[in-house]
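User: Hi! Could you walk me through this model, one question at a time?

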Amino acid sequence: AAAAASAAAAAANTELVVARESQCMFCDECVKRAETFERFTRGTELIDVALTEDRFHFTVETTGALSPEHAVLSALHVLKSKLELLSGALRDEHGAVQHQQQQQQQHQ
């Protein structure tokens, strides 16, 4: 038991690096497996999987007709246009709801 505990303690001081970060699906399987070893580490959490809020990872694939940079910039322009349309629709809906509420208050 002492050998297992010292091995677990040594493992707790080792940093784990994901070999293929882009293939991580945040399924928490590694966390579940680590929990089976926590009995040797006296409840110490061995693995913590968390998102980094200031980063966004994604993969860009093109047929070669566009460079990856051009493809991303074009996609961002399309996304910006769609978000502006959505924002306008939400403002219009909010204005309509406020107008309806004012009308109801006047009739009371």
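User: What share of the residues in the protein chain is buried?

Analyst: Happy to start there. This is a predicted model, in which local features need pLDDT of at least 70 and side-chain atom pairs count only at pLDDT 80 or more, while totals for chains, interfaces and linings use all residues. Residues are numbered from 1 along each chain as its sequence is written, and side-chain values use heavy atoms, with hydrogens and water left out. Buried means under 20% relative accessible area, exposed over 50%, and partly exposed in between (1.4 Å probe, protein chains only); of the 108 residues in the protein chain, the buried share is 7%.

User: Which order do the elements follow from the N terminus on?

Analyst: Helices (H or I, at least four residues) and strands (E, at least two) are DSSP runs, numbered from the N terminus. The protein chain has zero strands and three helices. From the N terminus on, the order is α-α-α.

User: Which side chains meet in a salt bridge?

Analyst: A salt bridge here is a side-chain nitrogen of Lys or Arg within 4 Å of a carboxyl oxygen of Asp or Glu. The search of the whole structure finds one. Both partners lie in helix α2 (residues 29-35), four residues apart, about one turn of the helix. At 3.4 Å, N to O, the pair is E29 and R33.

User: Which residues form the negative surface patch?

Analyst: Patches are made of residues with over 30% relative accessible area and no salt bridge, joining like charges within 9 Å and nonpolar side chains (Val, Leu, Ile, Met, Phe, Trp, Tyr) within 5 Å. One member, E45, sits in the loop between α2 and α3 (68-106) and is exposed because its relative accessible area is 56%. Another, D28, is in the loop between α1 (2-12) and α2, with a positive phi near 70° in a residue other than glycine. With Asp and Glu counted as negative and the charge placed at CG of Asp or CD of Glu, the patch is D28, E35, E45 and D48.

User: How much accessible area does the nonpolar patch on the surface have together?

Analyst: Accessible areas come from the Shrake-Rupley method with a 1.4 Å probe. L90, found in helix α3, is exposed because its relative accessible area is 53%. Together, L73, L76, L79, L83, L86 and L90 have about 580 Å².
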